[in-house]
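Please consult the sequence and the structure shown below while reading.

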Amino acid sequence: MWIRGYLPALVVAVALALSSACGAQQAQHESKTKPVSVTGDFGQLPKLDFSAPLDLTKSEHSTVIHGDGGPVQNGESVVVNLTMVNGRTGELALSTYDEGHHPMATTPNSEALFPVVQQALQGAHGGDRLLIEATSEDAFGAAGAPQYGVDAGDPMVMVVDVMGVPPSEILPQAVGREEPPSRQWPTVELAGSIPQRLQFTTKRPRPRQAQVKVLIEGEGPKIKVGNIVALHYLKQRWGAKSPDETTWSNPAQSYIFDSAGGLQDWQKAILGAAQGSRVLVRVPIESGASPGKGGRHLVYLVDVLGVG
């Protein structure tokens, strides 16, 4: 998170990848002080052009790309990509689009954020690209951030891409086109419409990586890194009579897909799954799953109910 006077290493909050509201458009913004142009597609490193040094007397923010996602709400999670450019030199200070970094999960009114970033997020929506021109006082102030080439008194130009917000619609159950079953996969035992357990009729497979079987193909937005996803899942060891875990006794849970590198194998496997889908994921122990007793492979049944 961007912290006044201090910029720590970027870390993953919890798992969830990209947004239903990502736009592939470009936009340009003209500052009231000096022209600042922002080009590039949403969800990619933006390019900022301006005549350095900027002489800012007050901080300003505007929306340069308007997304069609749900609203950002105080107290609720939001996933963002942040890019910071030194307003004195015009040089890139740091971006979550840099190699080794990733989208950040936070809340719009988090005290860890610069107040000017908090203000810009008020009223924003998923898919928005926000431009912030911040005076030194509203950025790193007298301390600066010398490790990123930011001296005391440097103004900053920031671009915030709102990658994910809580889903605006959460389906009661998976809905879509049913796919034909396969003998190589377990069947789902239901009580009414609620999955209870998986039934295994074939020998244990030996996959070297996670494998996916779509049972119901949804038609909603697809999961990408940066999304907040509402889902149900059931986890069961191959050949076991009952599941180790199930979420169907509670409301759908939300997961933040904010870093492909920080997701569990079954979560990586459902990147690209559409809202409304029901999928089976077969995970070998060798790829990171916990072995448990009585089986070397785990199977997850996942209903994708909301993508924000």
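## Salt bridges

Arg-177 and Glu-179 are joined by a salt bridge whose closest N and O atoms are 2.8 Å apart; the term denotes a side-chain nitrogen of Lys or Arg within 4 Å of a carboxyl oxygen of Asp or Glu. Glu-179 is partly exposed at 25% relative accessibility, where buried means under 20% relative accessible area, exposed over 50%, and partly exposed in between (1.4 Å probe, protein chains only). The model is predicted: local features need pLDDT of at least 70, side-chain atom pairs count only at pLDDT 80 or more, and totals for chains, interfaces and linings use all residues. Residues are numbered from 1 along each chain as its sequence is written, and side-chain values use heavy atoms, with hydrogens and water left out.

Under the salt-bridge criterion, the count comes to eight. One of them joins the side chains of Arg-88 and Asp-154 at 2.6 Å, N to O. Arg-88 lies in the loop between strand 4 (78-86) and strand 5 (92-95), and Asp-154 in the loop between strand 7 (129-134) and strand 8 (156-164), so this pair ties together parts that are 66 residues apart in sequence. Strands (E, at least two residues) and helices (H or I, at least four) are DSSP runs, numbered from the N terminus.

Glu-245 is partly exposed, its relative accessible area being 33%, while Lys-235 is buried at 15%. Elsewhere, salt bridges with shared partners unite Arg-88, Asp-151 and Asp-154 in one network.

## Aromatic pairs

Rings of Phe, Tyr and Trp (its six-membered ring) pair if their centres lie within 6.5 Å; planes under 30 degrees apart count as stacked, over 60 as edge-to-face and the rest as tilted. By this rule there are seven aromatic pairs. Among them is the tilted pair of Tyr-233 and Trp-266, at 5.0 Å centre to centre with 35° between the planes. Because Tyr-233 lies in strand 13 (residues 228-237) and Trp-266 in helix 2 (residues 265-269), the pair ties together parts that are 33 residues apart in sequence.

Trp-266 also pairs with Tyr-300 in a stacked arrangement, at 5.0 Å centre to centre with 15° between the planes. This second pair links helix 2, which holds Trp-266, to strand 17 (residues 297-307), which holds Tyr-300, across 34 residues. Trp-266 is buried, with a relative accessible area of 3%, and Tyr-300 is likewise buried, at 6%. Ring pairs gather Tyr-233, Tyr-255, Trp-266 and Tyr-300 into a cluster.

## A charge over a ring

Arg-282 lies over the face of Trp-185, at 3.9 Å from the ring centre. Such a contact requires NZ of Lys or CZ of Arg within 6 Å of the ring centre and within 35 degrees of the ring normal.

Thr-83 stands opposite Ser-95 of strand 5. The hairpin has five residues between its strands, and Gly-90 adopts a positive phi near 80° there.

How values were computed. Pairing = 2+ DSSP bridges.
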